[in-house]
Amino acid sequence: AHSEAVASLEAFDVVVSNDDVTRHKPDPEIYLLAATRLGVAPENCWVVEDTATGVLAGKNAGMRVAAVPNEYTRGTNDFARADLVLASMREAAEVLGAA
């Protein structure tokens, strides 16, 4: 569903997973590592997340966060800490492409 907006992982300059870190969300390690690998300051990054724990990790990293709730987290997670709450990954691509 959400992944339909991206054709493949090749669309990304950097991919970081739980295998690359020792501390997990809401710890910001995964996002800080991604920013380091990209050579971008955290305050210049946007995180796109579908859980409240992920939103908290992004905010803990000092990044701006767009929440895109999924069918399981919509209505059950509190996304109040997100800078934006969007309806779909397509909307995220449109909004953040202009950011």
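Okay, so when I say contact today, I mean heavy atoms within 4.5 Å of each other.

Quick housekeeping. What you're looking at is a predicted model, where local features need pLDDT of at least 70 and side-chain atom pairs count only at pLDDT 80 or more, while totals for chains, interfaces and linings use all residues. Numbering starts from 1 along each chain as its sequence is written, and side-chain values use heavy atoms, with hydrogens and water left out.

We've got three helices and three strands, and from the N terminus the order goes α-β-α-β-β-α. The C-alpha atoms fill a box of roughly 30 × 25 × 25 Å along the principal axes. The radius of gyration, over C-alpha atoms, is 13 Å, which agrees with the value near 13 Å for a compact globule of 99 residues; the rule there is 2.2 Å times the number of residues to the power 0.38.

On surface: the protein exposes about 6,200 Å², and carbon and sulfur atoms supply 50% of that. Those areas are Shrake-Rupley with a 1.4 Å probe, and for residues, only the protein chains shown count as cover. Of the 99 residues, 29% are buried, and buried here is under 20% relative accessible area, exposed is over 50%, and partly exposed is in between.

Now, helix 1. Which of its residues are buried? That would be Glu29, Ile30, Tyr31, Ala34 and Ala35.

Helix 1 spans residues 29–38, and Glu29 belongs to it. For the record, Lys and Arg count as positive, Asp and Glu as negative, and His and the chain ends are not counted; a salt bridge needs a side-chain nitrogen of Lys or Arg within 4 Å of a carboxyl oxygen of Asp or Glu. The Glu29 side chain does reach the backbone nitrogen of Thr22, at 3.1 Å. That goes down as a polar contact, meaning N or O atoms within 3.5 Å; within protein, one has to be able to donate a hydrogen and the other to accept it, and residues adjacent in sequence count only if both atoms are side-chain atoms. Setting aside residues up to four places away in sequence, Glu29 touches Val21, Thr22 and Arg23.

Arg23 does have a partner: it pairs with Asp27 in a salt bridge, closest N and O atoms 3.3 Å apart. Arg23 is partly exposed at 45% relative accessible area, and Asp27 is partly exposed at 23%.

How many salt bridges does a search of the whole structure find? Three. Another is Lys25 with Glu49, at 2.5 Å, N to O. Lys25 lies in the segment before helix 1 and Glu49 in strand 1, so this pair ties together parts 24 residues apart in sequence. Glu49 is buried at 6% relative accessibility, whereas Lys25 is partly exposed at 35%.

Last stop, Thr73, in the loop between strand 2 (64–67) and strand 3 (84–85). Buried or exposed? Buried, at 8% relative accessible area. A polar atom of the Thr73 side chain lies 2.7 Å from the backbone oxygen of Asp50. Beyond its neighbours within four places in sequence, Thr73 contacts Asp50, Thr51 and Phe79.

That's my tour, thanks.

Terms used:
Helices (H or I, at least four residues) and strands (E, at least two) are DSSP runs, numbered from the N terminus. Buried means under 20% relative accessible area, exposed over 50%, partly exposed in between (1.4 Å probe, protein chains only).
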